[in-house]
Amino acid sequence: MYPLLKKLCSIHSPSGNESSMHDFLISYIEQNKASWKNQPQLFYGDDFQHCIVLVFGKPRTAVFAHIDNIGFTVRYGKELVKIGGPKLVSGYGLTGVDSVGKVECTLQLNEDSNQLTYAFHRDIESGTDLSFKMNFREDDNYVQSCYMDNRLGVLNALKLCETIENGIIVFSCWEEHGGGSVPYIAKFVYENYKIRQALISDITWITEGVTHGKGVVVSLRDSGIPRRVFVNRVMQCLEKNNIAFQKEIESSGGSDGNELQKQPYPIDWCFVGAAEDFVHSPDEKVHKKDIESMLEAYRILMRDL
């Protein structure tokens with residue numbers, strides 16, 4: 001499992017440029033689906049842009065996992081523009097590719113002016129997008145790397161594919177930079193399959209109320225507020241099956257769930273995911289017990305909801 005996570009974390013997939021992750025996932029699905037308990041219908045292509053939808057059996061619930069990551073776009077000269085909300089620390093390694101070749105540069109932050117630039121032996125072509133350079137670390141208790149948000153959510157969805165009988169798995173795009181793919185995916189899953197409930201397979205924050213090793217997190221609210229009756233059903237299902245979980249209450253942050261709630265379809269949603277330290281940095285850190293709790297929670301929820 002963790003070698004697959006390492007591979008996912010290494011793939012360049014900043015918001016708006018998810019083609020490499022899309023292609024990897026299509027290849028992975030085609031190579032592995034014969035070993036899955038049930039065979040899905042697979043939807044992708046021009047009508048889905050770089051999103052992917054897998055439909056298993058007679059679905060009641062959809063799982064959304066975004067495949068993009070935060071990063072930077074090269075503007076003019078050596079200036080950088082943020083993609084999403086990356087943590088800004090001088091010296092962070094960045095990688096990408098322009099028409100000249102591979103790029104490995106470092107982030108530079110002028111703390112007086114807050115101007116973002118890069119240090120590299122040549123000018124990088126304007127418009128090139130850059131991701132954090134991966135440094136994947138694993139020990140007995142933790143996994144640490146850039147882009148655990150949301151490669152862990154993607155890993156969870158891929159592992160779910162192995163055993164799921166009924167449900168929809170959605171790999172979505174642009175989540176880190178304002179979204180945009182959820183509206184047409186919501187239309188597709190509701191109008192074709194009457195999906196009325198969704199789980200958001202994403203990663204949240206370690207805070208004073210959410211700690212490492214205490215189980216997957218169920219979010220009661222962030223900048224969006226899901227319908228409590230559905231969140232209560234999720235928590236009751238986990239309690240009934242003795243799945244350890246933590247409750248999250250925040251005033252900020254968001255996910256595909258927030259965008260899903262704004263669509264003209266009666267789809268309930270709930271964010272269910274592991275929590276990480278060092279958010280939106282090259283050093284995102286998650287406890288293995290919370291990863292295992294997340295995987296088991298989704299298996300139970302997709303079976304029982």
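Visitor: Is the crossing of α3 and α7 left-handed or right-handed?

Guide: The crossing of α3 and α7 is right-handed. Keep in mind that this is a predicted model.

Visitor: At what angle do α3 and α7 pack?

Guide: The angle is about 45°, and the two axes are 10 Å apart. Helix α3 covers residues 148–161. Angles under 35 degrees count as roughly parallel and 65 to 115 as roughly perpendicular, so α3 and α7 are oblique to each other.

Visitor: And which residues make that contact?

Guide: On the α3 side they are Leu152, Gly153, Asn156, Lys159 and Leu160. On the α7 side they are Ile291, Met294, Leu295, Tyr298, Arg299 and Met302. Sorted by class, the contact of α3 with α7 has seven nonpolar, two polar and two charged residues.

Visitor: New topic. How many residues are in the largest nonpolar core?

Guide: It has 81. Leu25, Ile169, Phe171, Leu199 and Val234 have the most contacts inside it. Val234 also came up in the contact of α5 with α7.

Visitor: What does Ile169 touch?

Guide: Setting aside neighbours within four places in sequence, Ile169 is in contact with Ile52, Val53, Leu54, Phe56, Val63, Ala157, Leu160, Cys161 and Ile164. Another core, of 18 residues, lies apart from the largest one. Among its members are Ile70, Leu94, Tyr118 and Phe132.

Visitor: Why would such residues sit together?

Guide: In soluble globular proteins, nonpolar side chains tend to be buried together.

Visitor: Where is Gln263?

Guide: Gln263 is in the loop between α6 (256–261) and β17 (268–273).

Visitor: Is Gln263 buried or exposed?

Guide: Buried means under 20% relative accessible area. Gln263 has 16%, so it is buried.

Visitor: What does Gln263 touch?

Guide: Not counting residues up to four places away in sequence, Gln263 touches Pro183 and Ala186. The C-alpha atoms of Gln263 and Val182 are 8.5 Å apart, although the two residues are 81 residues apart along the chain.

Visitor: Last topic. What is the phi of Asn242?

Guide: Phi of Asn242 is positive, about 60°, and Asn242 is not a glycine. Most residues other than glycine have a negative phi. Asn242 lies in the loop between α5 and β16 (245–249). Exposed means over 50% relative accessible area, so Asn242, at 69%, counts as exposed.

Visitor: And what about the phi of His280?

Guide: Phi of His280 is also positive, near 55°. His280 is in the loop between β18 (275–276) and β19 (284–287).

Visitor: Does His280 count as buried or exposed?

Guide: Its relative accessibility is 17%, so His280 counts as buried. Asn242, in contrast, counts as exposed.

Note on methods
Residues are numbered from 1 along each chain as its sequence is written. This is a predicted model: local features need pLDDT of at least 70, side-chain atom pairs count only at pLDDT 80 or more; totals for chains, interfaces and linings use all residues. Side-chain values use heavy atoms; hydrogens and water are left out. A nonpolar core is a set of buried Ala, Val, Leu, Ile, Met, Phe, Trp, Tyr and Cys residues joined through side-chain atoms within 4.5 Å. Buried means under 20% relative accessible area, exposed over 50%, partly exposed in between (1.4 Å probe, protein chains only). Contact means heavy atoms within 4.5 Å. Helices (H or I, at least four residues) and strands (E, at least two) are DSSP runs, numbered from the N terminus. Axes are lines fitted to C-alpha atoms, for helices over the stretch in contact, and angles run from 0 to 180 degrees between N-to-C directions. Angles under 35 degrees count as roughly parallel, over 145 as roughly antiparallel, 65 to 115 as roughly perpendicular and the rest as oblique. A crossing is left-handed if the near helix is turned anticlockwise from the far one by less than a right angle, and right-handed if clockwise. Ala, Val, Leu, Ile, Met, Phe, Trp, Tyr, Cys and Pro count as nonpolar, Asp, Glu, Lys and Arg as charged, and the others, Gly among them, as polar.
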